[in-house]
Amino acid sequence: MTLTAEHLVPTHCPYCALQCGMSLSGTTVAPREFPANGGGLCQKGWTAGSLLTTPQRLTTPLVRSGAELVPATWDEALDLVARRITEIQAGHGRDAIAVFGGGGLTNEKSYLLGKFARVALGTSQVDYNGRFCMSSAAAAGTKAFGLDRGLPFPLTDIGDADAVLLIGSNPAETMPPFMQHLRKAIDAGGLVVVDPRRTPTAEQASLHLAPAPGTDLALALGILHALVAENLVDRDYVARRTRGFEAVWRIAVRWWPERVERITGVAAADQRRVASLLATARNAYVLTARGTEQHASGSDTVSAWINLALALGLPGRAGSGYGCLTGQGNGQGGREHGQKADQLPGYRRIDDPAAREHVARVWGVDPASLPGPGRSAYELLDALGTATGPKAMLVFGSNVVVSAPRSAHVVQRLRSLDLLVVADFVLSETAAMADVVLPVTQWAEESGTMTNLEGRVLLRQKAIDPPDGVRTDLEVLSGLARRLGQPAQRFPVRAEAVFAELREASRGGLADYSGVTYDRLRDGEALHWPVPGTDHPGTPRMFLDSFAHPDGRARFVPVEHRGPAEPVDDEFPLIATTGRVLQHYQSGAQTRRIAELSEAVPEVYVEVHPDTAARSGLADGDWARVISRRGETAARVRRVASMRPDTVFLPFHFPGAQRANLLTNPALDPASRMPEFKVCAVRLSPKDGA
Ligand code: SF4
């Protein structure tokens, strides 16, 4: 079929934070010129139209009757949920109800979900799966700069860089169109990739550093040491724009590259080479992602990389900088509008009296009625059904059975609930456990805004009608709020009306959307927040004159290397690390339902060095047991010569006994409450072995 211009509805991909521009005609995808993707799409984007026609689509609410989920009307389902919430709160208090959101929800949904929790339920127990995503980078960025925006510059700026240090990121698989922005650095011999695995991204680097998992912080200290020792620090920048270098140097002075080599396995000469390459580049970027962030020391590790970037004089310099590549589709916006346990809209702290006053005024409630901070995502899941924890949970846009760490324990906790309600468009593994399942619309069937990894607000326009029987998440929240006694006008159902309220709630906050309107977005304006007025052009480049701390200076943050929370030992001698593959997205609830993608990668596998596999009695293609202290995963063996012999890798997109998160360690970062997804101790054995 030829797509003509009048058929095409401009929109954005339903998956990752690049939010590639695409057009839809019915359910047919066509690429669209947009700066982030330059007209390119990955396999996930090309096949995204199939999500809209999946035969596994839910079109009626389901209510549990014994072991079965049976169809119900919307009134029956919502009445039941509201009645059970009221009963449970009457018996156990407001915090007996938990709400779990997602980093793929639109800004409007994220906003209304947080408001629903704080106002309609009056619970403090609300958090979201973004806590598992980039919370360590957010915590470190806030400490260093006073404000965290994934990329505080337009993505296309990276295209002019002759050197890029990419840490714990594999965009060649996770967001392939991003690679076009690295072309100049690759051609100039300036791409350095830090990753324990030789990924498709690392293959394109001029220098690949493969530290032992969990030792990135030491590596950052070693490179900083080399920078100082070679007299390559930008001393003028450090003096004018920062504070705290001396305290950081007092630690880094002990981390000379040869010592770092013994811990990380990265050659001292390579550490010095990176320092020199970055310091002599005309334009350079330091970019972090999940590989370096998802650790129990994740926020300190990101602080160490930011310290390096500051010593190089990169943040806030035109054409250079530090940034975090967010992962989920609305990984940026999802954390700004109040679905996070410690935040209110506008990226405001929930314990700030002025913030509470402002948001309560917009919501038309008494500031004293707003709950305080609640539990972070894993702590919330861990507390479900306990004596002091929530007795019921409502889940929107998340599939925690597959995506949360220590998955078998999380399933136990979900089973102990008096009420589990899941809103989703298919029967995800979490929805299959629910007492009530609410079928909702998906990306192209509704309008809403997203904020991509560069802080640019995007309008994802409705392109097709949803199937009969489904409702939007906004309608679900509004319907429940009314049944819980809230006035209808307090929970609007039209996305543009919710956005108008979000703008007011964000006004004056760090993430100020007050000047963003649907009309400006429809007109194609490139609006990067903050946008503090409708005549304001937005802020594509932040920190050029000053950082967001009161004195305008960035902070060096002194941090010490402390290694993984669970070191290997004789019983569990290997390190398991997890990640994504090109064909799948997050828990796989969407991509496993697309034939082209699931046929390409149908099952979990474990990448193992051939020597390690041989020692474990495993041949290529065998099923292996990967066993940790928390559980075991059945995975197909792939012998990969470039793997570190001490490390195995599993993608985390698969359900049931193939869940990589059956293994992972929920040890939490003290600042961000990020679990240590990227390192746990395991052993391997043949499927029938011990
Ligand atoms: Fe682009 Fe990410 Fe969608 Fe792939 S998954 S098309 S990289 S937005």
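Predicted model: local features only at pLDDT ≥ 70, side-chain atom pairs only at ≥ 80, totals over all residues.
Tutor: Residues are numbered from 1 along each chain as its sequence is written, and side-chain values use heavy atoms, with hydrogens and water left out.

Student: Why is the pair of Phe116 and Phe491 called edge-to-face?

Tutor: Rings of Phe, Tyr and Trp (its six-membered ring) pair if their centres lie within 6.5 Å; planes under 30 degrees apart count as stacked, over 60 as edge-to-face and the rest as tilted. The centres of Phe116 and Phe491 are 6.3 Å apart and their planes stand at 80 degrees, so the pair is edge-to-face.

Student: What makes the pair of Tyr15 and Tyr585 tilted?

Tutor: Their centres are 5.3 Å apart, with 55 degrees between the planes. That angle falls into the rest, which counts as tilted. The whole structure holds 14 aromatic pairs.

Student: Which of these residues are buried, Tyr15 and Tyr585?

Tutor: Both Tyr15 and Tyr585 are buried, that is, under 20% relative accessible area, where exposed is over 50% and partly exposed lies in between (1.4 Å probe, protein chains only).

Student: Why is helix 4 described as largely enclosed?

Tutor: Helices (H or I, at least four residues) and strands (E, at least two) are DSSP runs, numbered from the N terminus. Helix 4 covers residues 135–145, and nine of its 11 residues are buried, so it is largely enclosed by the rest of the structure. Among the buried residues are Ser135, Gly141 and Phe145.

Student: What do the buried residues of helix 4 pack against?

Tutor: They pack against helix 13 (290–293), helix 14 (298–311), strand 13 (321–324) and strand 22 (554–555); contact means heavy atoms within 4.5 Å. Phe145 also belongs to one aromatic cluster with Tyr322, Phe543 and Phe547.

Student: How do you know that the charged end of Arg638 sits over the ring of Tyr605?

Tutor: The test is NZ of Lys or CZ of Arg within 6 Å of the ring centre and within 35 degrees of the ring normal. The charged end of Arg638 is 3.5 Å from the centre of the Tyr605 ring. Arg259 lies over the face of Trp256, at 5.9 Å from the ring centre.
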